[in-house]
Amino acid sequence: MEKTFRQKIISYFTGAAKKNRLLKYPCLAGMSVALIFYYMGMHFLTNGKRYASMFFVAVFFMSSCSFSFAVFAERTGFTGAQETYSAVVEPSDVSLAVVEPVNPVVEEILEETNVVASEHDEEAETFTLDDLLKQHEHDHSMGVYDDHAEEQPGTDADAESGFDNSDWRLVLINKQHPIADDYDFKLGTFTSGMRCDERVIEDLLLMMQAAKKDGLNLVVRSPYRTSDHQEDNFNRRIKSYMRQGLSYMEAYKATSIVITVPGCSEHEVGLAFDITSDSFIELKKGFADTEEGRWLEAHSYEYGFILRYPSGKEYITGIEYEPWHFRYVGREAAATMKDEELCLEEFWDKYLL
């Protein structure tokens, strides 16, 4: 009867050991290694289909999920990126979260998401210019008074000719670049209760004062929030979707397009602000058509702010269009992004990498 491959391995090493006693232990070790590789090979051979299926599932998930798609499109220069984004992760497209035939309930859920996005805190307070200036009525050290209101925006005395990727104003925070463990900043807190990075306060108030001079009343909603608060917002939206019929994975994917994943939100470092007006408080896309929305689109860069998630850049930012979400980057960088129509990710690719 012909020996099996396993028997041949054992026979070969035991025969060598019998011929030379000095080779007893080396042969034993060699036989052990050979048998280990033999059993591993047999395991993968008999389970090949299973591992192949797992591999293709992993590749499909990494290439299509909302976390990896923006990087894939950006790194490869994929020409169909924007169209593919619309087909894969656009909230108004039922294919975002549903593989089964179209469910009218799910379609309604996703359409509602497209109308009322939720990167914001649904229960957040609102703060007007008057609210924020209360604590500064007798504090001239802040410099936010009539003499500063006359100051011409758009210049930065400390700006250098180039951009530095270590500049706190330019820190890149998104799904692919979570907040670093050693990121450090100091919160400035208004008596009204609003908090943000204290280095942003002066330009924020100057911008709100300039809008006020033009007859517009800007309102800040959802500035700094803790990581725990961000996680609560994220989980609340997932549960909301699941109550309406989505599975956990479907709800998670839909949520990640309208709410930044905890640990990856600029609100958590006090650099992002949701800004609307006293006549249009809700964070809806219709804000873009208001006078305040148009004013911010045209003038926010003069004070160092950018529209963080612009229309047409969803396949890069991984977040749908939010005409109310503004991020502080400093005046020089904001002017460059405005002139060249760049989102922050594109700015990093061009100037900081």
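Which residues of the largest nonpolar core touch the most other members? Hi everyone, the answer is Met 194, Phe 273, Trp 295 and Phe 305, in a core of 36 residues. Before going on, a word on the source: this is a predicted model, where local features need pLDDT of at least 70, side-chain atom pairs count only at pLDDT 80 or more, and totals for chains, interfaces and linings use all residues. Residues are numbered from 1 along each chain as its sequence is written, and side-chain values use heavy atoms, with hydrogens and water left out.

Back to the core. By nonpolar core I mean a set of buried Ala, Val, Leu, Ile, Met, Phe, Trp, Tyr and Cys residues joined through side-chain atoms within 4.5 Å; buried is under 20% relative accessible area, exposed over 50%, and partly exposed in between, with a 1.4 Å probe and protein chains only. At least two residues each come from α7 (129–133), α9 (201–213), β4 (218–221), β5, α12, β6 and β7 (322–328). Those labels are DSSP runs numbered from the N terminus, helices being H or I of at least four residues and strands E of at least two. The largest share, 8 residues, belongs to α9. Apart from this core lies another, of 12 residues, including Leu 172, Ala 333, Phe 347 and Leu 352.

Let's look at Phe 305. Leaving aside neighbours within four places in sequence, its contacts (heavy atoms within 4.5 Å) include Leu 204, Met 207, Phe 273, Phe 326 and Ala 334.

Now, is Glu 266 buried or exposed? Glu 266 is buried, at 1% relative accessible area, although it sits in a loop, between α11 (248–258) and β5 (272–277). Its side chain makes a polar contact of 2.7 Å with that of Arg 327. For a polar contact, a pair of N or O atoms must be within 3.5 Å; within protein, one must be able to donate a hydrogen and the other to accept it, and residues adjacent in sequence count only if both atoms are side-chain atoms. Beyond four places in sequence, Glu 266 is also in contact with Ile 173, Tyr 309 and His 325, among others.

Gly 162 is another loop residue, between α8 (146–149) and β2 (187–189). At 40% relative accessibility, Gly 162 counts as partly exposed. Gly 162 and Ala 333 are 171 residues apart in sequence, yet 9.5 Å apart in space, C-alpha to C-alpha.

That's my tour, so over to you for questions!
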